[in-house]
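Morning, everyone. Structure on screen, please.

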Amino acid sequence: MSERVLRVVIGAAPPGRLDKALARDVPEEAALSRTRLARLISDGAVTRDGLVLTDAKGPVAEGDTLEIRVPEAAEVETRPEAIALDIRYEDDDLCVLMKPAGLVVHPAPGSPSGTLVNALLHHFGGRLSGVGGEKRPGIVHRIDKDTSGLLVVAKSDRAHHGLAEQFAAHTVERRYLALCHGAPDAGDPRLLGTRGVAKEPGATIRIETGLARHKTDRQRQAVYFGSGRHAITRLGVIERFGAPPTAALVWCRLETGRTHQIRVHMAHVGHALIGDPVYGGRRRVAAKALPAGAAEAADTFPRQALHAATLGFEHPGTGETLRFEADLPQDMADLAVRLRGGADIHSTSA
């Protein structure tokens, strides 16, 4: 694999360790994230006067000249495929798109083709982010296969680095819409008595836990306290369905973005998402509380009723604040209509 050599001169009053000094002094145009720099150090790609430096916490001094051998991005085996994309915004650095439910983001053994990555390889025509050492579309965050909604994708290394930093700092606005079992109530003693739950102004419910892989089921995430990755979700009710309420349309805002975070947190507080095959169990809505046919529509909904509706971030190239919104997809909108007592707008007579 070919490589380029980057020479970095450590500036005045450097941080007391190698990785932090490099993160400060590597030119921005090099588009090397802190994570990438740490990997290069551990791989022996950083030298000083010919001596390999592998200790990220090692000392550095003002005026030190360091050389970093940066492997050029490798081609990936994933093939471009002409799959239609719903692009909401695009420029030379990034694009924002609407991912439909059912579309896998990354190729995997069970789905090696027909993924969003295959589609992006075709759409970008070779102008791909190489951050991470692999020449592929710069997907800096994901949403589950059966979740719909907005994604931002980096087209340049500069954008990949800048977006990744914003996601790491939790400054990206991410707001989801979901249909759930029951209707969360910020005044409910049971809910407020659930560990990790607190009430905030405006009837907002805050859920704060650790999240990590389930101890016996590696395909699931689970709530932990005192361990796992820190996770915070805020939610509020938009609309209640049924008398008494047996389902609700809620908004969920992510402060962190962990795997399955909303799905796990909603199940933790007793309001699993309608249609969630992993965290919803066999829960059913109360048919007697809903209009005719609504319970069946909810109980047979074929996916978790979750949609990434709002995405906001600072453009890593221009500094402009960008914010995008995507209405409920048709399947969730139809289910909401049924829960209100309306007819399925896609139903047809024989």
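How do the residues lining the second largest pocket divide into nonpolar, polar and charged? Seven are nonpolar, one is polar and four are charged. Here Ala, Val, Leu, Ile, Met, Phe, Trp, Tyr, Cys and Pro count as nonpolar, Asp, Glu, Lys and Arg as charged, and the others, Gly among them, as polar.

Ground rules next. This is a predicted model: local features need pLDDT of at least 70, side-chain atom pairs count only at pLDDT 80 or more, and totals for chains, interfaces and linings use all residues. Numbering runs from 1 along each chain as its sequence is written, and side-chain values use heavy atoms, with hydrogens and water left out.

Now terms. On a 1 Å grid over the protein atoms alone, a cavity is a set of points where a 1.4 Å probe fits but cannot get out; a pocket is an open set with protein on both sides within 12 Å along at least five of seven lines; lining residues have an atom within 4 Å of a point. Points join across faces, edges and corners, and volume is the space filled by probe spheres set on them.

Back to that pocket. Its volume is about 190 Å³. α1 (18-25) gives the largest share of the lining, three residues. α2 (34-42) and α4 (157-168) each supply at least two. Helices (H or I, at least four residues) and strands (E, at least two) are DSSP runs, numbered from the N terminus. H161 and E165 are among the lining residues.

Now the cavity. There is one of 30 Å³ or more. β17 (306-314) and β11 (173-181) each give two or more lining residues. β17 gives the most, four. The lining includes R174, R175 and Y176.
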